[in-house]
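Have a look at the model first.

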Amino acid sequence: MEISSDPETSPGLLATVRASRAVEDQAARDTLIAAARYAAANVVETVGEAAILEVDTYGDRAVLLTGPGAPLVSEAAVVELAAVLGYSTYTGRKYLADAVELAWRLPRTWARILDGSLTTWRARRVADVTRHLDPEVATWVDDQVAAHAHKIGLTQLERTAKEAAALFEPDLAAAIAEEAVDHRRCDIGTDPGLFLPPVGAEQGQAAGATAQVTATLDAADALDLEAAVSAIARGLLDHDTTSDLSLDARRAAALGVLARAYNTGSLGADRAGVLPGTGRVIDLKIHTDTRDLATTGLVRIANTRGLATIEQLDRWATLPGVTIRPMTVIDLNEEITTDAYTPTTRLRTQIRLIDQTCAFPHGNVKAENCDLDHRIAFDQGGKTTTSNLTCLCRRHHRAKTHLGWTYQRLAPGRYQWRSPHGYEFLTSPEGTVDLTSGAAPVAGNDVSQADAA
């Protein structure tokens, strides 16, 4: 059967989609290959060697991205690659770690990337499973799965890794399980989305603030959490404010019940499903720069950067024991100054409200967890003042101080960054924009710290 190539027909459009997907897959392979070569170009043998690698700077560190047998890579190189890829440093580091794992420790799977027979996302899934294995175990897994990696599932991958550990050394399986403890995590979203219900929703249901919570737990802890969430969700059927919620919504609400119960010391088997009466404090702040929300029925939640309806705020505020704490209004346009090196509480709060997150390209650490960087160093005449302070997480504070990054303040909360190799980015609370024109900028960072001020 001949497939029509007319772009206006369904067969033609499907052919275009298929061809475009093939181009996209190859581009992803090319990017991963380039990342592996980039890692090879930034390999360091010792920690001291990292300080003189590629960039005339100091304070760099050598980092081991994956398992034994892989090289140490310059931390400065990791930070810059992440920014160029449009990733947070954490995500960019994991991407580079996958490239290194494949290129150095999984040669058969890597060969399939090089010959174009395996998609990048499937290869990275193999790398994610093997990165914590000893070299001989990783090699065995590579031998077992490389030929089938285009169709193998994650469960089978994990099973193969466990079998490899048991085959090579029985004690290794226990060691892997123990090592997995280091990779548990719990992420409570700092950038909640605006939930939009279906068309036809009643007024007041147009938006709701939600936050994403993801976690990797010890299996026993997960079972305990499941038991607690299930019990509380059942108990919430007996409360007027939650009885009409779906099971999924009650399970989500159960996590809030657990949190408030812990915060107030009211945990107990006899209180399953009980809404604790205290523990939530709402700091009420009014900002002159959000008057555009005045007629929308929405309010902005400062510590999560999301929006909520007035009705939702009312529901939160009327739970038993909730405290409403009006906060002193801070003018975000005021220049607040102190003669001391350490910012005052009022100045610190103002900078956090202006920047909202780490101001580094693609930074996503909440401002409350960031350092305040003096753009012009205090010991070089820089003042502790609104226009000279910026929220930077500790990692990116180091990148600015030691790894060759510079930036200018364009306006409150808006910064123009330049990387060690000349890539430029515009950052603001709304996100990051890559300003670099062309594939590669002029090499080197010729912006002095004085100019960047």
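E75 forms a salt bridge with R395, and their closest N and O atoms are 3.6 Å apart. This is a predicted model, in which local features need pLDDT of at least 70 and side-chain atom pairs count only at pLDDT 80 or more, while totals for chains, interfaces and linings use all residues. Residues are numbered from 1 along each chain as its sequence is written, and side-chain values use heavy atoms, with hydrogens and water left out.

Q: Why is the pair E75 and R395 called a salt bridge?
A: The term asks for a side-chain nitrogen of Lys or Arg within 4 Å of a carboxyl oxygen of Asp or Glu. The closest N and O atoms of E75 and R395 are 3.6 Å apart, so the pair qualifies. The structure holds 16 salt bridges.

Q: What does the pair of E75 and R395 tie together?
A: E75 lies in helix α3 and R395 in helix α14 (residues 394-402), so the pair links parts that are 320 residues apart in sequence. Helices here are DSSP runs of H or I with at least four residues, strands are runs of E with at least two, and both are numbered from the N terminus.

Q: Why is α1 called roughly antiparallel to α3?
A: Helix α1 (residues 10-41) and helix α3 (residues 75-85) pack at an angle of about 160°, their axes being 11 Å apart. Axes are lines fitted to C-alpha atoms, for helices over the stretch in contact, and angles run from 0 to 180 degrees between N-to-C directions. Angles under 35 degrees count as roughly parallel, over 145 as roughly antiparallel, 65 to 115 as roughly perpendicular and the rest as oblique. That makes α1 roughly antiparallel to α3.

Q: Which residues of α1 and α3 meet?
A: T31, A35 and Y38 in α1 meet A77, E80, L81 and L85 in α3 (contact means heavy atoms within 4.5 Å).

Q: What makes α10 roughly perpendicular to α11?
A: The axes of helix α10 (residues 219-235) and helix α11 (residues 247-263) cross at roughly 110° and come within 8 Å. That angle makes α10 roughly perpendicular to α11. Their contact includes L225 and E226 of α10 and L247 and R250 of α11.

Q: Why do β1 and β2 count as edge strands?
A: The open sheet of three strands has the order β1-β3-β2, with antiparallel pairing. β1 (43-44) and β2 (62-64) each have a single partner strand, so one side of each is left without a neighbour in the sheet.

Q: How do you know that β1 pairs with β3?
A: Two strands pair if DSSP finds at least two bridges between them. Two bridges join β1 to strand β3 (residues 72-74), so they pair.
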